[in-house]
Amino acid sequence: MKRYIDLLVIHCSATPEGRDYTVADITRWHRERGFQTIGYHYVIYRDGTLCPGRPEERIGAHVTNHNRNSIGICYIGGLDANGNPKDTRTTAQKRMLHELLVELKKRYPHAKILGHHDLNPQKACPCFPAAAEYSGL
């Protein structure tokens, strides 16, 4: 059964800039929090590599009250060296995120692109104004 998707939600991994983490790392963190597996559908590594997470046809676990109708996308980073929120996206991550969003908008043309903080204001994630940055897609 195909899910109805009307949100593309961008996240950061809330990890320090300049450090690499993997889908396996995030899966472990999410399982430690009681999730079945990784909550995001896609993860973008610092070098721009796009990695699949949870299959799109499965409901994610990435944004309270909006998982049923959304796709979760996470880039590695989001914190400065002191643990403060910061847009740490590399040029390669920005390029891949844009490419992925263009592709997802073809499949889900009515989906809004939002940052996690747009749906949960207590969060800084993804540490940049995603809705404004991608409003033209």
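Modeller: The count comes to 7 salt bridges, a salt bridge being a side-chain nitrogen of Lys or Arg within 4 Å of a carboxyl oxygen of Asp or Glu. The model is predicted, so local features need pLDDT of at least 70 and side-chain atom pairs count only at pLDDT 80 or more, while totals for chains, interfaces and linings use all residues. Residues are numbered from 1 along each chain as its sequence is written, and side-chain values use heavy atoms, with hydrogens and water left out.

One of the pairs is Asp25 with Arg28, whose closest N and O atoms are 3.3 Å apart. Both residues belong to helix 1 (residues 23-32), where a spacing of 3 residues puts them about one turn of the helix apart. Helices (H or I, at least four residues) and strands (E, at least two) are DSSP runs, numbered from the N terminus. Asp25 is buried, at 17% relative accessible area, whereas Arg28 is partly exposed, at 43%. Here buried means under 20% relative accessible area, exposed over 50%, and partly exposed in between (1.4 Å probe, protein chains only).

Another pair is Arg107 with Glu56, and its closest N and O atoms are 2.2 Å apart. This pair links distant parts of the chain: Arg107 sits in helix 2 and Glu56 in the loop between strand 4 (50-52) and strand 5, 51 residues apart. Arg107 counts as partly exposed because its relative accessibility is 36%; Glu56, at 13%, counts as buried.

Arg107 also forms a salt bridge with Glu103, the closest N and O atoms being 3.4 Å apart. Because Glu103 and Arg107 are 4 residues apart in helix 2, about one helical turn separates them. Glu103 is partly exposed, with a relative accessible area of 34%. Through shared partners, the salt bridges join Glu56, Glu103 and Arg107 into one network.
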